[in-house]
Amino acid sequence: MATGRTHRPATRSRGIPEATVARLPLYLRALTALSERSVPTVSSEELAAAAGVNSAKLRKDFSYLGSYGTRGVGYDVEYLVYQISRELGLTQDWPVVIVGIGNLGAALANYGGFASRGFRVAALIDADPAMAGKPVAGIPVQHTDDLEKIIDDNGVSIGVIATPAGAAQQVCDRLVAAGVTSILNFAPTVLSVPDGVDVRKVDLSIELQILAFHEQRKAGEEAAGESAAVPLAPKESGKGPDGDVPAVMPA
């Protein structure tokens with residue numbers, strides 16, 4: 001089976017927009033669920049709803065793949081699974097290394113979805129000598145001193161960084177120098193990489209902060225709605241008890 005070093009997805013060469021590429025995994029996830037339920041065909045409306053997009057956008061995305069469906073029938077589920085998997089490069093084996101085997105790195109190593117989606121965890125790497133040789137998810141952890149050899153021996157082109165922020169850039173530099181051209185970064189920092197290296201950042205704290213913003217806005221809208229529903233008190237005349245002098249004089 002081919003490894004990540006020998007083949008790369010054809011999305012860029014075929015001119016598929018990045019926004020469309022970002023939605024292809026959503027379609028694939030929805031289609032895989034349909035396939036597991038032995039659903040043979042699906043309409044654009046049904047698939048769009050399952051993927052969380054509108055049907056017009058879905059049809060436009062699929063036109064880049066050369067897949068237009070059949071009027072009155074819809075899309076062939078199994079064929080679309082194959083077509084999107086091929087476009088994403090998931091019909092081949094992609095060896096991946098995870099660097100930083102703390103709580104997050106160990107959780108990623110134990111994630112069972114990698115293998116079913118075309119990814120193989122080839123190695124787990126950590127800077128702590130006490131971790132060396134310890135099995136995590138059935139894979140012995142290796143020391144960062146051997147990072148370059150591990151990358152070369154396994155033909156790795158995708159690296160996952162799950163280290164503390166302070167170590168992430170150095171790890172990134174070493175991965176790139178060893179031949180890694182795609183990096184998934186879980187460290188809470190922005191990485192600097194040369195042209196030709198793709199970085200995807202996953203920052204859970206940022207996602208939570210965005211949700212907090214929306215929660216605050218919703219709370220504000222609810223409070224504003226409640227205020228609007230309260231009847232206004234009668235307007236006072238501004239006159240004092242005698243009817244001709246303000247009750248409270250301005251300072």
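Student: Does Ser85 count as buried or exposed?
Tutor: Start with the cut-offs. Buried means under 20% relative accessible area, exposed means over 50%, and partly exposed lies in between, using a 1.4 Å probe and protein chains only. Ser85 has 12% relative accessibility, so it counts as buried. This is a predicted model, where local features need pLDDT of at least 70 and side-chain atom pairs count only at pLDDT 80 or more, while totals for chains, interfaces and linings use all residues. Residues are numbered from 1 along each chain as its sequence is written, and side-chain values use heavy atoms, with hydrogens and water left out.

Student: Where is Ser85 placed?
Tutor: Helices (H or I, at least four residues) and strands (E, at least two) are DSSP runs, numbered from the N terminus. Ser85 belongs to helix H4, residues 77-88.

Student: Which residues does Ser85 contact, leaving aside neighbours within four places in sequence?
Tutor: Contact means heavy atoms within 4.5 Å. With those neighbours set aside, Ser85 touches Leu28, Leu90 and Thr91.

Student: How many helices and strands does the chain have?
Tutor: The chain has nine helices and nine strands. Of its 251 residues, 36% are buried.

Student: What is the strand order in the open sheet?
Tutor: Strands of a sheet pair through backbone hydrogen bonds, either parallel or antiparallel. Two strands pair if DSSP finds at least two bridges between them. Here seven strands form an open sheet in the order E5-E6-E4-E3-E7-E8-E9, and the pairing is mixed. E5 (135-136) and E9 (198-201) are at the edges with a single partner strand each, so one side of each has no neighbour in the sheet.

Student: Why is E4 described as largely enclosed?
Tutor: Six of the eight residues of E4 are buried, so the rest of the structure largely encloses it. E4 (residues 119-126) runs parallel to E6 (residues 139-143), and three bridges join them. Leu124 is opposite Val141 in E6. Asp126 has His143 in E6 as its bridge partner. E4 also pairs with E3 in the parallel sense, over six bridges. There, Val96 has Val121 in E4 as its bridge partner.

Student: Which helix lies across E3, E4 and E6?
Tutor: Axes are lines fitted to C-alpha atoms, for helices over the stretch in contact; angles run from 0 to 180 degrees between N-to-C directions. Helix H7 (residues 147-154) lies across E3 (94-99), E4 and E6, at about 165° to E4. Helix H8 (residues 165-178) also packs on the sheet, touching E3, E7 (158-161) and E8 (182-185), with its direction at about 170° to that of E7.

Student: Which way do the residues of E7 point?
Tutor: In a regular strand the side chains alternate between the two faces of the sheet. From E7, Ile158 and Val160 point one way, Gly159 and Ile161 point the other way, and all are buried. Four bridges join E7 to E3, in parallel. Four bridges also pair E7 with E8 in the parallel sense. Gly159 is opposite Ile183 in E8.

Student: What unit do E7, H8 and E8 make?
Tutor: A crossover is right-handed if, with the strands pointing away from the viewer, the path from the first strand over the helix to the second runs clockwise. E7, H8 and E8 make a right-handed β-α-β unit.

Student: Where does Val197 lie?
Tutor: Val197 lies in the loop between E8 and E9. Val197 is buried, at 12% relative accessible area. Its C-alpha atom is 7.7 Å from that of Val176, 21 residues apart along the chain. Leaving aside neighbours within four places in sequence, Val197 contacts Val176, Val180, Thr181 and Ile183.
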